[in-house]
Amino acid sequence: IFILFSFICFSLLGSASSQSMRKYSCALLSPRQLNIRNLVSYEKQQVPTDAIMFINAKGIRICVRANQPWVKTAVKRIDERRAAK
């Protein structure tokens, strides 16, 4: 329950030390590799941890460690899709 409460607080309040107050912040990181085809957007975050928040086609936000090779590939593919539009 405490972990859920912490995530909700970070989600609603954002991080006070960030330049702009974000509606969501990565408090928990998923250990799983996501299907790149289902990801439509992302946000880079450095507070409270260096992470990427992916947003899938259903609008679900999933945070993962930014330094993983598959994450870098996913970010590159999303950027390429954006540039092609």
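How much accessible surface does the protein chain have, and what share of it belongs to carbon and sulfur atoms? In this predicted model, the accessible surface comes to about 6,200 Å², and carbon and sulfur atoms account for 57% of that. As for the interior, 33% of the chain's 85 residues count as buried.

The fold itself is quick to describe. The protein chain has two helices and three strands, and reading along the sequence gives the pattern α-β-β-β-α. Turning to contacts, among those with a separation of 6 or more, 34% are between residues 24 or more positions apart.

One backbone detail deserves a look. The peptide bond that joins Val47 and Pro48 is cis, with omega at about 5 degrees. Pro48 sits in a loop, with strand 1 (39–45) on one side and strand 2 (51–56) on the other.

Lys76, Arg77, Arg81 and Lys85 together form a positive surface patch. One of these residues, Arg77, lies in helix 2, which covers residues 69–84. Arg77 has a relative accessibility of 44%, so it counts as partly exposed: the value falls between the 20% limit for buried residues and the 50% limit for exposed ones. Arg77 is therefore a partly exposed member of the positive patch.

Methods. Residues numbered from 1 in each chain as written. Predicted model: local features only at pLDDT ≥ 70, side-chain atom pairs only at ≥ 80, totals over all residues. Heavy atoms only, no water. Helix = DSSP H or I, 4+ residues; strand = E, 2+ residues; numbered from the N terminus. Buried < 20%, exposed > 50% of the residue type's maximum accessible area, 1.4 Å probe, protein only. Contact = heavy atoms within 4.5 Å. Areas by Shrake-Rupley, 256 points an atom, 1.4 Å probe, with all protein chains shown as cover. Patch = residues over 30% accessible without salt bridge, like charges linked within 9 Å, V, L, I, M, F, W, Y side chains within 5 Å. Salt bridge = Lys/Arg side-chain N within 4 Å of Asp/Glu carboxyl O. Lys, Arg positive; Asp, Glu negative; His and termini not counted. Charge placed at Lys NZ, Arg CZ, Asp CG, Glu CD.
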